[in-house]
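Have the model open while you read.

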Amino acid sequence: MEKHIITIRDIAQALGTSVSTVSRALRGSSSISEKRRAQIQAYADEHGYQPNVLAAALRTFHTPPKSNLVGIVLPEFEHYFFSCILTAIEETCRANGYFVIAAQTGDSYEREREVVEALRRQGVAGIIISQAKDTAQYKHIEDTIAAGIPMVFVDRICTGVRTSRVVVDDYAASNTATEHLISCGCRRIAFLGSTMHLEISKNRFNGYRDAMHRHGLPVDERLVCQCDNCDETERIVPTLMALDERPDGFFAINDDTALGVLYTCKKMGLRVPDEVCICGFADGVLAKSSDPQLTTIAQSGHDVGRLGAQVMMDTINGVIPEGQYVSRVVKTRLVVRGTTRTGL
C-alpha cells in the first residue's frame with residue numbers, strides 16, 4: 001500500500017485549526033504564537049511532513065509581489081485632528097515596513113469613490129479611511145473588500161459595511177461636555193452638529209440630549225442646528241440669539257465651530273463666559289490661542305491614527321484572522337478653560 005503523504009490540510013484537520021494558520025506557522029510567521037508554531041512544527045515532524053517545493057515555486061512565480069503600500073483617505077489634511085491621524089498612521093506604517101499614499105476627499109462622496117477605486121487599482125495592501133460627509137452609498141467600499149483589500153475606518157465610520165474601526169467615545173464625551181455646561185448654570189444649551197447620517201454626529205447629539213433629559217431640561221429643536229464650521233456660525237448664532245429665550249450655552253461638534261461661536265458672540269457684544277458659555281470638541285492648537293481660551297473635549301488624533309494603523313498591520317499580517325473585525329475606542333477628556341464658568 002502506498003504511504004499517505006501528509007499535507008498541510010491534514011495537519012490543520014488533526015489540530016483543529018485553519019490551513020492558513022498551519023501554513024504561516026510552518027513558514028515561521030510571527031503572527032502565530034511561538035507555542036502554537038512549536039505544536040504545529042512538532043506534529044509535522046512527527047508525521048513526516050515535507051513541503052511541496054514545486055507548488056511553492058509555482059505560487060512564487062505566479063503571485064505578484066506583496067504590496068508595501070497602504071492607502072489613507074481622509075476628509076482633509078489641514079484640520080488639526082486629521083493631520084494628527086495622518087502623521088500617526090504614516091509613522092506606524094513606516095515602522096512596520098510600509099509606505100503610505102494619502103488623499104483627501106474634501107468631504108465629497110464622488111471624490112472619495114474616485115480615490116478608493118484608484119487605490120484599489122494600484123493594488124495597495126490596505127486602505128485606512130475616514131468617511132466623507134456626503135457619503136451615503138457604499139458600493140466602492142464593498143467592492144474594495146470583495147477584491148481582498150482590507151479596510152479600516154477611523155473616526156467617521158461606515159455602519160453599513162462590516163469593517164474594523166477605531167473611534168473616539170463620542171457619546172460619553174458629548175455627555176460630559178453637556179454636563180459641564182449644565183454645572184456652569186446653563187439651562188438653554190444649543191447643539192451645533194453635522195449631518196445626522198454620520199455616526200459621530202448621531203452619537204454626539206445623543207450624548208447631549210441624554211444629559212439634558214437627565215437634568216430635566218428640555219431640548220428645544222430650535223437650538224439644534226446643522227452647523228459644523230466657523231463660517232456658518234456667523235449666520236446661525238445671531239438668529240439663535242434673537243430668540244425670546246436665547247441660548248446661554250453652546251456645545252459645538254468641533255473647535256472650529258466653537259471658535260466661530262466665540263468670535264460671533266464677541267462681535268455681538270456678548271460677554272463670554274458671563275453671558276454665554278461655549279464648549280468645543282478636539283482641543284486643537286487654536287483652542288489655546290483664543291481669548292478667552294476654549295473649553296473643549298480633548299481627543300487624540302495621534303492615538304486614533306496609531307491604533308488604526310496597528311489594526312491594519314494586524315489585518316495584513318493575519319494577527320486578525322480573515323473575516324474577523326475589531327473595534328477600538330479612544331478615550332477623551334474634558335479640558336476646562338476660559339469659555340465656561342467655574343465654581344457655581
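## Sheet and helices

In this predicted model, 6 strands make up an open sheet, ordered β2-β1-β3-β4-β5-β11, with parallel pairing. At the edges sit β2 (99–104) and β11 (327–330), each of which pairs on one side only. Going from one strand to the next, the twist averages 15°.

Let's zoom in on one pair. Strand β1 (residues 69–74) runs parallel to β2, and 6 bridges join the two. Within that pairing, glycine 71 stands opposite isoleucine 101 in β2.

Now for the helices on the sheet. Helix α5 (residues 80–95) packs on the sheet and touches β1, β2, β3 (126–129) and β4 (151–154). Helix α7 (residues 139–146), for its part, lies across β3 and β4. Here are the helix directions, including a helix–helix pair:

| Helix | Partner | Angle |
|---|---|---|
| α5 (residues 80–95) | β1 | about 175° |
| α1 (residues 8–15) | α2 (residues 19–26) | about 110° |

What about that last pair? The axes of α1 and α2 are 8 Å apart, and the helices pack at an angle of about 110°. Angles of 65 to 115 degrees count as roughly perpendicular, so that is how α1 and α2 sit relative to each other. The crossing of α1 past α2 is right-handed.

Which residues of α1 and α2 meet? From α1 come Ile8, Arg9, Ile11 and Ala12, and they meet Val19, Val22, Ser23 and Leu26 of α2. Sorted by class, this α1–α2 contact has 6 nonpolar, 1 polar and 1 charged residues.

Note on methods
Residues numbered from 1 in each chain as written. Predicted model: local features only at pLDDT ≥ 70, side-chain atom pairs only at ≥ 80, totals over all residues. Heavy atoms only, no water. Pairing = 2+ DSSP bridges. Helix = DSSP H or I, 4+ residues; strand = E, 2+ residues; numbered from the N terminus. Axes fitted to C-alpha atoms, helices over the stretch in contact; angles between N-to-C directions. Contact = heavy atoms within 4.5 Å. Parallel < 35°, antiparallel > 145°, perpendicular 65-115°, else oblique. Left-handed = near helix turned anticlockwise from the far one by under 90°. Nonpolar A, V, L, I, M, F, W, Y, C, P; charged D, E, K, R; others polar.
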